[in-house]
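Below are some notes on the model you sent. They begin with the chain as a whole and then turn to one pair of helices and a single residue.

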Amino acid sequence: MADTAGAGQGRRVSASDDVEVSTYLEIAEGAKDQKAPAVPHSAPPRRYDETVLVVDFGSQYSHLIARRVRECRVYCEIVPHDTTLDHLRHLNIKGIILSGGPSSVYDANAPLIHPSLLMSGLPILGICYGMQTLAHQLGGRVAAGARREYGHALLHESATEHPIFHNLPSSLPVWMSHGDQVTQAPPGFRSLGYTENAPIAVMGNDAGVVGLQFHPEVAHTPAGKRIIENFLFQMCGCHGTWTTGNFIEESVSQIRRQVGEGRVLCALSGGVDSAVVATLVHRAVGDQLTSIFVNNGLLRREEPERVLSTFRKRGDLNLVYVNATEEFLSALRGVVDPEEKRRIIGRTFINVFEREASRLGKVDFLAQGTLYPDVIESKTPESKASSKIKTHHNVGGLPEVMKLSLVEPLRYLFKDEVREVGLSLGLPEEMVKRQPFPGPGLAIRIIGEVTAERLEVLRAADWVVMDEIKNANLYRQLWQSFAILTGSQSVGVMGDHRTYGNVIAVRAVTSEDAMTADWARLPYEVLARISNRIVNEVPQANRVVYDITSKPPGTIEWE
Ligand code: XMP
């Protein structure tokens, strides 16, 4: 599902370049197995004019549905399938979308939509499993598919006048991915469309409830965006009023309400997320904010200077700079295990941060750039069940240690939305459009021990990659591009001499939000220039390889 870069599945994760900062905070020892934020987490209610719910049945595409809705300028939130209407009274709900999911309605613990939502009278759009559970719960029949249907199908509409098909041709290519299917629509429903294999590929009733057997949210259903728009605008009566402008206004007043007279700390990383957070907090409470930028010695060449000069030029974030390079490098001495590296970096960060914070006297809040993919990851039934891939996927941690409440204004935004907010706030484009950089920095791009010397080798190679990617005007099309010090040595020949040097790997990926990614098809000439320059400009390197692994099965970072 990965497409081009620049826009923002997971990262989940920490798809954020400042996830880095929150990550440090999140990976404090002991914090990693926390189930829920153990802190006074006072995320205040959101009060947008219109909200659509995406009820998550464990689909890998739930986040994609949410993105499509937001692209229509309608605010939406993903909620677990057992959420009740009572929990959501603070949102002005206009409609409900039921995601797909891996279950069969005949499974012993098949997830169901809560009756309070089902009977709410709100328009409902059930997608794939969402349609099957609608049929099952409302008295229709679902047959266990003997075979999975996966791939393209042609949908023929039998009710072209239905608002879900507004302004669409009478036949559409759609994307199927299901085992079970609805064989009898529930009382009050009729078939609105069929395919060769599915007589009820779309069903609906007169009360605004529609089920789709196919997936409108994926790019393989070309009219999918229009179908979602039709649900939002023709069936739910949404207006598409959600803009960065009203996000900023609302979040500034929420921060004011939350923080009151309190003092707020914000860890700046140089990435867009923490910069946006600090700017919002500053706009809300001015000098009650102090920002701290910790140089961990694991940054790219010239990065600390660049971050400092950008923020100092802005001059309004009460910036404290701490150079903790020595402390980080000595804590990392002899460590090769990737998770151990992350734990040490997290712990050291907290030590430094706490020390600096204590110099400031009493502080009440910590502002951090947690993004929606992080929140989704930590919440979905799927992610609860899935095994841990990397520590950075955890949310919550530092406040437990520091007794601070969290201010997380970006908690409901995707990366590309954060970028838009950053631009609306007047942050410089080169900061807003910067590629993500992980919290543990170059440490997770050095396989094996992290030393000052090895960092320098990687910095030199990384500099070449960045330079050539920018020269080729590819920087913004790529989600990330960087070098890895692989830890392998290879034999080469230079002049008449045998060399034995480092193998440098180059990684460049496209992605929408780092949950999935594809390796970038970089032009050969660009690869050739990168390779040539690295072996010439980095004396300790004698071979360059290009990483052609997508995610999954690879991850973006090597550790
Ligand atoms: P992976 O390697 O899991 O990375 O495919 C997904 C995205 O997250 C970034 N990343 C991290 N960010 N702390 C962070 O703040 C981390 O420990 C971390 N590990 C990976 C990675 O750069 C990519 O954008």
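1. Overall make-up. The secondary structure of the chain amounts to 17 helices and 20 strands. Please keep in mind that this is a predicted model. Of the 559 residues in the chain, 61% are buried. The chain has an accessible surface of about 21800 Å², and carbon and sulfur atoms account for 50% of that surface.

2. Helix α6. This helix covers residues 244-259, 16 residues in total. From its first C-alpha to its last, α6 reaches 22 Å, close to the 22 Å expected at 1.5 Å a residue. Gly260 follows α6 and has a positive phi, near 55 degrees.

3. The buried side of α6. Which residues of α6 are buried? They are Thr244, Phe247, Ile248, Glu250, Ser251, Val252, Gln254, Ile255, Gln258 and Val259. Their packing partners include two helices, α7 (272-285) and α14 (415-424). The buried residues of α6 also pack against the strands β12 (264-268), β15 (365-367) and β16 (405-407).

4. How α6 meets α14. The axes of α6 and α14 lie 9 Å apart, and the two helices pack at an angle of about 80 degrees. Angles of 65 to 115 degrees count as roughly perpendicular, so α6 is roughly perpendicular to α14. On the α6 side the contact is made by Thr244, Phe247 and Ile248; on the α14 side, by Glu417, Glu420, Val421 and Ser424. Sorted by type, the residues of this contact are three nonpolar, two polar and two charged.

5. Helix α14. The buried residues here are Lys415, Glu417, Val418, Arg419, Val421 and Gly422. Besides α6, the buried residues of α14 pack against α2 (62-71), α7 and α15 (429-432). α7 is also a partner of the buried residues of α6. Just after α14 comes Gly426, with a positive phi of about 85 degrees.

6. Glu356. This residue belongs to helix α10, which runs over residues 338-359. Is Glu356 buried or exposed? The cut-off for buried is under 20% relative accessible area; Glu356 has 11%, so it is buried. Leaving aside residues up to four places away in sequence, Glu356 touches Ile292, Val320 and Val322.

Notes. Residues numbered from 1 in each chain as written. Predicted model: local features only at pLDDT ≥ 70, side-chain atom pairs only at ≥ 80, totals over all residues. Heavy atoms only, no water. Helix = DSSP H or I, 4+ residues; strand = E, 2+ residues; numbered from the N terminus. Buried < 20%, exposed > 50% of the residue type's maximum accessible area, 1.4 Å probe, protein only. Contact = heavy atoms within 4.5 Å. Expected span 1.5 Å × (residues − 1). Areas by Shrake-Rupley, 256 points an atom, 1.4 Å probe, with all protein chains shown as cover. Axes fitted to C-alpha atoms, helices over the stretch in contact; angles between N-to-C directions. Parallel < 35°, antiparallel > 145°, perpendicular 65-115°, else oblique. Nonpolar A, V, L, I, M, F, W, Y, C, P; charged D, E, K, R; others polar.
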